[in-house]
Amino acid sequence: MNESFNLLIIGVLLISSLIIFIYTELTRHKLFRTEKKNREYRAIVTEALTALVNAVDAKDSYTSGHSARVAAYSSLIARRLGYDEDFTENLYYIGLLHDIGKIGIPSALINKKERLTDDEFDIMKKHTIIGRDILIEITTINNLTRGVSEHHEHWDGSGYFGKKGTDISLEARIIAAADAFDAMTSDRSYRGMLPLEAVMLEIENCGGKQFDPAVAYAVIEMIKSGSLNPYFTASAKPLKYPAKSASVPVWS
Ligand SMILES: [Fe+2]
């Protein structure tokens with residue numbers, strides 16, 4: 001009797017273990033498939049957005065690849081500031097789209113080598129509002145319209161529309177610094193890229209004025225440590241979301 005009871009217990013345990021094993025494997029397989037699908041969806045979204053913003057960047061002969069670089073720099077800065085991957089990846093998409101409104105600005109104005117007149121500057125300022133209006137229906141990217149419409153605001157209120165400090169969304173404050181970093185480290189019609197020492201000095205001088213001081217500090221520390229490097233489009237590969245495992249940016 002005891003022996004049959006023991007056998008029954010062992011049988012029940014074996015069957016339970018088998019059920020748990022099968023259930024775990026099925027769940028793991030399902031999760032793997034979901035993750036694979038998520039990765040595929042993300043790739044499709046990123047590629048579609050990149051193609052779209054490349055069309056905008058192409059309007060400016062000197063800013064080819066600008067949006068993808070700003071997106072990548074912004075995510076690296078956010079990570080350095082300690083934000084999680086959800087925020088960082090979300091910010092990457094906002095960075096990609098930050099200048100989408102330039103689609104509504106005449107190319108002649110975007111490519112003008114001389115200083116813009118006040119009237120022209122007023123037209124150029126509208127790219128932030130046009131961008132916001134284009135993107136208003138997209139609700140899956142958090143703070144998208146604010147990140148786009150506020151990316152030319154300054155910490156001290158001296159930007160496009162006078163917003164200041166933490167009234168400016170964090171996303172826009174980070175993109176503003178990434179945008180400036182890219183502008184300074186890219187060739188322009190009127191100058192070549194600036195040396196990194198000059199870039200650091202400029203960002204330091206503008207911390208607390210143009211830039212959120214915490215963001216400016218993070219950028220300077222990143223440049224010093226070599227974890228924020230200018231990406232040269234000459235290497236031709238599209239700039240993707242920077243892998244988290246990379247201790248320094250790997251542009252691939
Ligand atoms: Fe802009």
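Good morning. The chain has nine helices and zero strands, where helices (H or I, at least four residues) and strands (E, at least two) are DSSP runs numbered from the N terminus. This is a predicted model, in which local features need pLDDT of at least 70, side-chain atom pairs count only at pLDDT 80 or more, and totals for chains, interfaces and linings use all residues. Residues are numbered from 1 along each chain as its sequence is written.

I begin with the overall dimensions. The C-alpha trace spans about 100 × 40 × 35 Å along its principal axes. The radius of gyration of the chain is 24 Å, whereas a compact globule of 252 residues would be near 18 Å; the radius is taken over C-alpha atoms, and the globule rule is 2.2 Å times the number of residues to the power 0.38.

I turn now to one helix pair. How do H2 and H7 pack, and at what angle? Helix H2, residues 66–80, and helix H7, residues 170–184, pack at about 125°, with their axes 8 Å apart. Axes are lines fitted to C-alpha atoms, for helices over the stretch in contact, and angles run from 0 to 180 degrees between N-to-C directions. That angle makes H2 oblique to H7; angles under 35 degrees count as roughly parallel, over 145 as roughly antiparallel, 65 to 115 as roughly perpendicular and the rest as oblique.

Residues of H2 that meet H7 include His66, Arg69 and Tyr73, and those of H7 include Ile174, Asp179 and Phe181; contact requires C-beta atoms, placed from the backbone, to lie within 7 Å. Thank you.

Key
Contact = placed C-beta atoms within 7 Å.
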